[in-house]
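Here are my notes on this one, written as numbered points.

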Amino acid sequence: MGTASIHEGVRRMRFSSLLERTEAKELTQEAAAEVLGISVRTFQRWAERYEAEGDDGLVDRRMGRRSPRRAPQEELERMLGLFRDKYADFTVKHFHEQLQKRHGYMLGYTVTKLALHAAGLVRKAPKRSAHRKKRPRRPLRGMLLHQDGSRHVWIEGLPARDLIVTMDDATSEVYSMVLVEEEGTASTFQALREVIGEHGLFCALYTDRGSHYFLTPKAGEKVSKTQQTQVGRALSHLGIEHIAAYSPQARGRSERLFGTLQDRLPKELRLAGITTLEAANAWLKAHYIAGHNAAFAIKPEQEGTAFVADRHEAWREALCVIEERTVANDNTVAWNGRRLQLPQSRLRPHFVKAVVRVHEYPDGTVSVFLGPHRLAMFSANGQQISPDAPQPGSVLGAVKDKPLRARKRASLTAPARAAGKIARVGAEKRASSRTKKHTRRAKTAATAVA
């Protein structure tokens, strides 16, 4: 016996008992209707049908009739066949999206899920645990960004790789998604350059305590506030606050995002025919990120943005590996097992023993700086990119603009000497003819002659 038949039998017995009590004036129709969970008018209609037809009048007249709005059985069978043949490892929501996008499917999500449950192809989700209160989101885009990595087999046929994702706390919008061999300083700089180059500088970055993000003097304890990694130094230079997370629960939004990506992204890459890391990164930027944000990003609490444009593009020289080196006696700089030969420069006759800064960029190129001056730029293999590499600053620029004759006589210390001369005006020693001593000697000689 079906559930509907059982419910109908119980309804008949309860209605008969309540009807007798209303006729005996023990209950009002309002009270009886409330017990049955129906309106007073429905109770009155049932009473009229019971009086006219007896028990047959209480039969549910919808039993045995097919609803005109019921989903077509043929379409449900087609959907079930597609799930068995091609999408058996998809979640119901992801499967429903693919049906609509690729197969012209028009039925709703709920009817699809119920049909899959009824066919035994999908298990019902377990009950959720006790309610946890989420941390409130930041109200504006650009106030707080999350960055995290997840190692997973993203591309079928290739070993596990790290996926670096940078997302906004206010909207869950993904700004950057990069697949790399291994997470580290280079991958962090690459992701940050993409975000800042497109959107601008933001207020704060929330990350785990990985060794490329923070230095932790003692395992399990708080990160150092004084010693910085390359990433910490770059963020501090750009005025971006760096916040450390001390538990997986604190990174709940990133953890949930990667749960979704680990389920969806490998299947999407498989459907797109992606087999290489380079093709995957190009496809992520061109197609996947926009679709993901359309499906999962939410509207921020407040309109506007906290991103600020970096008009001087300071991020280009900040988001790279920077270390100091001392120039050797042959005017070379040691860098990663190579010797970078510095060219001649008008800044000084040589750079021996000078302390210079070496900037290594994400593409492997290297620049050597003395203060604000770029002395030279080198390719990843250590070859100087251009013989005109020295790029003098404002001091040399002013000298260069002078006529040739004046430029030959010019010197970098000339302005300092000129300033010194101006400073000595009014402090020159008096001529001997103007001293009091000379005047006294002249008077004495005149007296002797007289």
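1. How many bridges join strand β4 to β5? Four bridges join β4, residues 204–207, to β5, and the two strands run parallel. (Two strands pair if DSSP finds at least two bridges between them.) For one example, T207 has A244 of β5 as its bridge partner.

2. A word on the ground rules. This is a predicted model, where local features need pLDDT of at least 70, side-chain atom pairs count only at pLDDT 80 or more, and totals for chains, interfaces and linings use all residues. Residues are numbered from 1 along each chain as its sequence is written, and side-chain values use heavy atoms, with hydrogens and water left out.

3. Now the overall tally. The chain holds 15 helices and eleven strands; both are DSSP runs numbered from the N terminus, with helices (H or I) of at least four residues and strands (E) of at least two. Of its 450 residues, 37% are buried. (Buried means under 20% relative accessible area, exposed means over 50%, and partly exposed is in between, using a 1.4 Å probe and protein chains only.) Among contacts in the chain with a separation of 6 or more, 58% are between residues 24 or more positions apart. (Contact means heavy atoms within 4.5 Å.)

4. Back to the sheet. Five strands form an open sheet in the order β3-β2-β1-β4-β5, and the pairing is mixed. β3 (174–180) and β5 (241–244) are at the edges with a single partner strand each, so one side of each has no neighbour in the sheet. From one strand to the next, the twist averages 20°. (Axes are lines fitted to C-alpha atoms, for helices over the stretch in contact, and angles run from 0 to 180 degrees between N-to-C directions.)

5. Two helices to find next. Helix α7, residues 185–199, packs on the sheet and touches β1 (145–152), β2 (161–168), β3 and β4. The direction of α7 makes about 150° with that of β3. Helix α10, residues 277–296, also packs on the sheet, touching β2 and β3, and its direction makes about 155° with that of β3.

6. Look at β4 again, this time from its other partner. β1 and β4 pair in the parallel sense over two bridges, and H146 has Y206 of β4 as its bridge partner. Along β4, A204 and Y206 point one way while L205 and T207 point the other way, and all are buried.

7. Which strand holds L205? L205 sits in β4 and is buried, with a relative accessible area of 0%. Leaving aside neighbours within four places in sequence, L205 is in contact with residues including L144, Q147, L192, L235 and I243. L205 and Q147 are 58 residues apart in sequence, yet 7.2 Å apart in space, C-alpha to C-alpha.

8. Follow the chain from β4 to β5. β4, α8 and β5 make a right-handed β-α-β unit. (Right-handed means that, with the strands pointing away from the viewer, the path from the first strand over the helix to the second runs clockwise.) In α8, residues 230–238, the buried residues are Q230, V231, G232, A234, L235 and L238. Their cover includes α7, β4, β5, α11 (315–318) and β6 (321–326). After α8 comes G239, with a positive phi near 80°.

9. N281 deserves a zoom. N281 lies in α10 and is buried, with a relative accessible area of 17%. The side chain of N281 reaches the backbone nitrogen of L179 at 2.8 Å. Not counting residues up to four places away in sequence, N281 touches M177, V178 and L179.

10. Last, some backbone angles to check. K25 has a positive phi near 65° although it is not glycine. K25 lies in the loop between α1 (3–23) and α2 (29–36), and is exposed, with a relative accessible area of 73%. N336, another residue other than glycine, has a positive phi near 50°, and lies in the loop between β7 (332–335) and β8 (338–341).

Note on methods
A polar contact is a pair of N or O atoms within 3.5 Å; within protein, one must be able to donate a hydrogen and the other to accept it, and residues adjacent in sequence count only if both atoms are side-chain atoms.
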